Amino acid sequence: MSDKRFRLSAFVAACALGLSSCAPAGEKDLPRKPGGAAAPPVSSPKAIMDCSAAARTVVAEAQEAMKAAQAQKVEAEPGAAAEMQAFSASLAEVSDGLRNNDVHEALQAAIRIHRRQRTEPARALWEGVRSRLEAEKARQADALLIALTNGYAGARTACLEAKTPADCEPILDRLAEFQDVRSRSWSSRLSYHLQRLESVIAFVGEWQEYLGALQDRNIAMANQILQNMADSSARYSRLF
């Protein structure tokens with residue numbers, strides 16, 4: 001490849017995957033290869049969204065709160081006895097969502113049940129469950145945002161350093177792991193970054209095709225792909 005074409009290709013990759021506007025905190029401290037961008041590790045979305053530990057914690061805390069309430073004989077309040085007796089059965093509905101690794105489903109169940117309570121003891125119990133689930137959902141969203149941003153940074157680095165089409169496969173596989181995350185309900189900030197996922201995958205795919213054309217010594221096709229990407233650089237830079 002000529003120096004001119006190499007500079008153009010590097011420019012396209014650097015511009016289209018310029019992620020400085022959404023770099024995660026602490027990225028400046030990550031080690032960098034000479035002349036290259038940082039390639040931070042990408043946490044697995046599946047691992048981040050694993051609710052097994054949260055399920056145990058939420059249920060255990062709720063049961064302890066229930067015992068404490070019973071020790072204070074809160075059932076003496078009119079209507080409290082029935083709501084307290086229904087607590088364990090209702091808690092199972094929340095646990096189902098957590099077992100499915102869907103904290104949003106569990107939280108929505110807790111909100112619905114909390115709204116149905118008419119006595120202060122029961123409302124207090126469900127307020128605790130709801131707060132714990134809200135904290136778990138916020139933790140997942142923060143971790144996913146960092147992982148996704150690092151995934152985009154990894155895509156930029158992979159494109160700049162890739163020599164063959166096969167070099168792009170690992171980053172495409174990692175980005176594909178985030179596709180299932182988009183079906184869940186998240187904060188507007190995380191949702192914004194998730195909306196760009198398909199464009200990042202599309203860009204890396206085009207870059208992979210460009211490298212494939214070079215590998216096949218089809219210079220005309222390589223130039224055409226590169227020109228198409230350069231023509232789309234403004235669109236890519238807005239999305240990435």
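Predicted model: local features only at pLDDT ≥ 70, side-chain atom pairs only at ≥ 80, totals over all residues.
Reader: Let's start simple. How many helices and strands does the chain have?
Author: There are 12 helices and zero strands. Walk along the sequence and the pattern reads α-α-α-α-α-α-α-α-α-α-α-α.

Reader: Why is H8 called roughly antiparallel to H10?
Author: Helix H8 (residues 169-176) packs against helix H10 (residues 197-215) at an angle of about 165°. Angles over 145 count as roughly antiparallel, so H8 is roughly antiparallel to H10. Their axes are 10 Å apart, and the crossing of H8 past H10 is left-handed.

Reader: Which residues meet between H8 and H10?
Author: On the H8 side you'll find Glu169, Ile171, Leu172, Leu175 and Ala176. From H10 come Leu197, Val200, Ile201, Val204, Gly205 and Gln208. By type, the residues of this contact split into eight nonpolar, two polar and one charged.

Reader: What makes Asp96 and Arg99 a salt bridge?
Author: Their side chains meet at 2.2 Å, N to O. The rule asks for a side-chain nitrogen of Lys or Arg within 4 Å of a carboxyl oxygen of Asp or Glu, so Asp96 and Arg99 qualify. They sit three residues apart in helix H5 (residues 87-99), which means about one helical turn separates them.

Reader: Is Asp102 buried or exposed?
Author: Buried: its relative accessible area is 15%, and the limit for buried is under 20%.

Reader: What else is Asp102 in contact with?
Author: Setting aside neighbours within four places in sequence, Asp102 is in contact with Cys51, Gly97 and Arg184.

Reader: What makes Arg139 and Glu136 a salt bridge?
Author: The 4 Å rule again: the side chains of Arg139 and Glu136 meet at 2.8 Å, N to O. Both belong to helix H7 (residues 120-161), and being three residues apart, they are separated by about one helical turn. Glu136 is buried at 5% relative accessibility, whereas Arg139 is partly exposed at 38%.

Reader: How many salt bridges does the rule give?
Author: The count comes to eight salt bridges. Among them are the Asp96 and Arg99 bridge, the Arg184 and Asp102 bridge and the Arg139 and Glu136 bridge.

Reader: And for the chain as a whole, what share is buried?
Author: Buried residues make up 44% of the 240 residues.

Reader: What share of contacts comes from residues 24 or more positions apart?
Author: Taking contacts with a separation of 6 or more, residues 24 or more positions apart account for 75%.

Key:
Residues numbered from 1 in each chain as written. Heavy atoms only, no water. Axes fitted to C-alpha atoms, helices over the stretch in contact; angles between N-to-C directions. Helix = DSSP H or I, 4+ residues; strand = E, 2+ residues; numbered from the N terminus. Parallel < 35°, antiparallel > 145°, perpendicular 65-115°, else oblique. Left-handed = near helix turned anticlockwise from the far one by under 90°. Contact = heavy atoms within 4.5 Å. Nonpolar A, V, L, I, M, F, W, Y, C, P; charged D, E, K, R; others polar. Buried < 20%, exposed > 50% of the residue type's maximum accessible area, 1.4 Å probe, protein only.
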